[in-house]
Amino acid sequence: MRNAEHGNRTSKGTLALSGWRQLIATLVSAAQGLLPLLLAIAVLLVLFSLWVPQGRFLRFDNLIDLAQQVSVNAILAFGLTLVILIGGIDLSVGAVVAVAGVVSVSLLTPAGPVVAFLGGIGIGALFGLFNGLFAARTLMPPFIITLATMLVARGFALGFNESRPLPVGEEQHLFLSLGNARWWGWLPMPVILMLVVFVFSTILLHGTRFGQHLFAIGGNREAARLAGIAIATHEVLVYVFCGACAGLAGMIHASQLYSAEPAAGQGYELSAIAAVVLGGTSFSGGVGSVPGTLVGAIIIGILDKGLNQAGVHFSLQYIVKGGVILAAVWYDVFRRRVKSRQA
Amino acid sequence: MRWYTVGVTAVVLAFWAGCRSTEQPSSDGVRLFGVSFQTMNNPFFVELNEGLKGVIEARGGRLITLDAQWNSLKQKNDVADLLQQNPSAVFINPVNWEGIKGSLLEARRKNVPVIIVDAPVSEPDLVLCQVASDNFEAGRLACESLAKANPRAKIVILHLSVNRACIDRVEGFKAEMAKHPGLKVLDIQEGKGSTEGARPVMRDLLGRFPELDAVFPINDPSALGAISAIEAAGRIGQVTVVTVDGSREGALAIQAGKLHATVAQFPREIGRIAGEKAYDHLEGKPVEKDIKVPVKLITKENVHEILNASKK
């Protein structure tokens with residue numbers, strides 16, 4: 001989490017791995033920064049294990065369920081972490097979930113699962129490319145650009161099949177396994193995909209020069225430009241990555257629901273942003289980590305599941321979630337100020 | 001960090017306690033039921049929930065009610081959360097009648113009976129039974145009453161096409177239309193089944209079709225949205241509104257002369273029947289697969305029935 005300092009080191013190559021030792025050092029320092037959040041998870045687990053009747057909360061298959069339920073939000077949030085880290089925002093991810101779903105499902109029958117999979121990722125990346133080019137090449141704020149893309153993507157999704165859900169055929173085993181398969185009978189496929197994206201984006205952000213440059217851009221854009229970092233290229237790539245993550249999440253979503261819904265994903269951008277912010281990524285850019293985001297997504301997942309299983313009225317669930325997000329971010333800001341005073 | 005050690009110890013202890021308690025018999029005598037609604041932002045589902053809760057609590061059971069907020073994935077997660085708690089039965093009101101399949105398969109794997117309320121699903125074999133209003137008949141009655149009031153109506157339909165119940169209503173409406181050649185549908189648009197969703201759509205339709213003089217929004221909330229758009233356009237009294245639901249809000253709109261007719265459903269009755277079917281099944285009695293709850297046309301003549309019933 002506290003690794004903005006790495007961004008200050010300028011370097012020549014971009015995607016070259018800056019060394020395992022550094023990746024590990026970064027992760028150790030990130031883990032230390034995450035201690036309060038891990039403690040919060042511990043407290044929540046204890047709370048719900050006592051609250052949910054007959055100790056059903058901490059059972060193995062309930063926790064596996066939890067991991068599966070977190071996966072779509074976490075994948076969206078990993079992509080968004082990079083975007084928010086460089087001082088941007090992407091509001092279009094929820095709508096891209098719907099577009100990627102309908103595009104991939106409608107490609108399934110005519111073109112087969114491989115083309116459908118690439119099509120889903122591709123359409124997500126395409127919307128990302130669009131966002132990235134506008135963010136890098138114009139002076140428009142990313143909030144407005146991606147708000148517009150969100151509407152365009154939603155309209156595009158609704159244009160399919162007269163806005164009705166598009167069912168996935170029974171025979172599409174490969175596509176249906178994306179959301180429903182369980183490896184060795186217990187490990188859900190969405191969890192594996194989430195871990196793959198997690199490892200990839202952790203290495204990308206915390207283990208490569210490219211990642212260091214992102215911290216530099218987010219910390220001080222002007223300084224990064226003067227240091228010779230190609231800001232536009234980095235920015236476009238980050239948005240493309242975020243769009244591709246949303247594309248993958250959209251296909252998992254469609255697969256889990258045995259159908260692509262044009263109206264799917266409304267408000268998903270907000271849950272993903274909540275996970276990123278809970279995980280300690282600063283909205284003003286330059287500070288953040290991918291492991292933090294994973295922990296943030298898990299906390300939201302535990303709250304959703306625990307409050308559901310404890311039988312808390314749904315109206316109260318909203319209030320509790322809002323309160324937790326506010327408290328966590330307030331604490332994070334507070335702690336950071338104390339730290340900077342000590343320094 | 002000492003705090004951290006305390007946290008880890010607490011989690012380990014909790015796990016231990018969790019594992020121990022699973023060895024005990026699975027129930028403390030109270031039967032647990034769960035219900036997942038597509039939305040609770042509609043008095044229809046609030047009443048359905050009350051009917052269901054009445055039956056279950058009268059027999060000493062406990063009901064967990066969850067709101068999917070029109071989000072299919074949230075509904076899938078909600079149902080998974082319910083299934084983890086070994087419920088005696090789960091009631092589902094699906095957001096997406098295709099998308100619920102994964103949840104139905106999971107319930108079957110865990111041997112939990114599922115009763116579908118209000119909106120049918122595409123895989124009836126996976127559920128114990130479906131309890132719903134006779135939606136086809138409701139659409140038919142709405143059209144019949146419109147044809148009586150305005151035999152040459154130029155109609156727009158505000159649909160909610162992901163929802164099977166609404167598809168049935170529109171099919172019933174169209175089936176009845178075939179008997180009245182004077183009626184004509186100008187356009188079918190998505191009204192999202194809600195007041196805030198229907199209002200802007202209706203406003204645009206009024207602008208697009210000056211000849212428009214009737215509208216069939218598929219439920220009371222979207223009818224209220226349509227009425228508010230008609231009022232804003234200054235065309236109240238010129239556009240005949242017929243709908244399906246029979247909520248108190250709809251009845252009040254009939255009394256005020258803004259709504260021509262609504263076909264009443266009886267959500268409390270649907271909830272009560274669904275709850276009783278669940279207990280019938282648990283007691284080993286056979287249960288019919290498809291239960292249709294009758295509907296009733298409400299106009300100015302009999303609107304007091306709804307208003308009196310909702311007062312108590």
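How many residues of chain A are in contact with how many residues of chain B? In this predicted model, 36 residues of chain A are in contact with 34 residues of chain B, two residues being in contact if their C-beta atoms, placed from the backbone, lie within 7 Å. Because the model is predicted, local features need pLDDT of at least 70 and side-chain atom pairs count only at pLDDT 80 or more, while totals for chains, interfaces and linings use all residues. Residues are numbered from 1 along each chain as its sequence is written, and chains are lettered from A and ligands numbered from 1 in the order in which they are written.

**The side of chain A that touches chain B**

- Helix H1 (20–51), helix H2 (60–85), helix H10 (231–256) and helix H12 (290–309) of chain A are the elements that give two or more residues to the side of chain A that touches chain B; helices (H or I, at least four residues) and strands (E, at least two) are DSSP runs, numbered from the N terminus.
- H1(A) gives the most to this side, with seven residues.
- By residue class, the side of chain A that touches chain B divides into 16 nonpolar, 13 polar and seven charged residues, where Ala, Val, Leu, Ile, Met, Phe, Trp, Tyr, Cys and Pro count as nonpolar, Asp, Glu, Lys and Arg as charged, and the others, Gly among them, as polar.

- Helix H6 (residues 173–180) of chain A and H10(A) have axes that come within 7 Å and cross at roughly 100°; axes are lines fitted to C-alpha atoms, for helices over the stretch in contact, and angles run from 0 to 180 degrees between N-to-C directions.
- That angle makes H6(A) roughly perpendicular to H10(A), given that angles under 35 degrees count as roughly parallel, over 145 as roughly antiparallel, 65 to 115 as roughly perpendicular and the rest as oblique.
- Phe175(A), Leu176(A), Leu178(A), Gly179(A) and Asn180(A) of H6(A) make the contact with Met251(A), Ile252(A), Ser255(A) and Gln256(A) of H10(A), and these residues divide into five nonpolar, four polar and no charged.
- Tyr258(A) lies in the loop between H10 and strand S4 (259–260) of chain A and has a phi near 55°, a positive value in a residue other than glycine.
- Tyr258(A) counts as buried because 29 C-beta neighbours lie inside 10 Å; a residue is buried if 20 or more other C-beta atoms lie within 10 Å of its own, exposed if 12 or fewer, and partly exposed in between, with C-beta atoms placed from the backbone.

**Chain B overall**

- Chain B holds 11 helices and 12 strands, and its C-alpha trace spans about 75 × 55 × 35 Å along its principal axes.
- Of the 312 residues of chain B, 54% count as buried.
- Among the contacts in chain B with a separation of 6 or more, 75% are between residues 24 or more positions apart.

**Strands of chain B**

- An open sheet is formed by six strands of chain B in the order S2-S1-S3-S4-S5-S11, with parallel pairing; two strands pair if DSSP finds at least two bridges between them.
- Strand S2 (62–67) and strand S11 (290–293) of chain B stand at the edges, each with a single partner strand, so one side of each is left without a neighbour in the sheet.
- The twist of this sheet averages 15° from one strand to the next.
- Strand S5 (residues 129–133) of chain B runs parallel to S11(B) and is joined to it by four bridges, with Lys292(B) in S11(B) as the bridge partner of Ala132(B).
- Strand S6 (residues 154–159) of chain B is mostly covered, with five of its six residues buried, and S6(B) pairs with strand S7 (residues 184–190) of chain B in the parallel sense over six bridges.

**Helices and a loop residue of chain B**

- Helix H8 (residues 220–232) and helix H9 (residues 248–255) of chain B pack at an angle of about 40°, with their axes 9 Å apart, which makes H8(B) oblique to H9(B).
- Asp220(B), Ala223(B), Leu224(B) and Ile227(B) in H8(B) meet Glu249(B), Gly250(B) and Ala253(B) in H9(B), a contact of four nonpolar, one polar and two charged residues.
- Gln255(B), found in helix H9 of chain B, counts as partly exposed because 14 C-beta neighbours lie inside 10 Å.
- Lys192(B), in the loop between S7 and helix H7 (195–208) of chain B, has a positive phi near 65° and is buried, with 21 other C-beta atoms within 10 Å.
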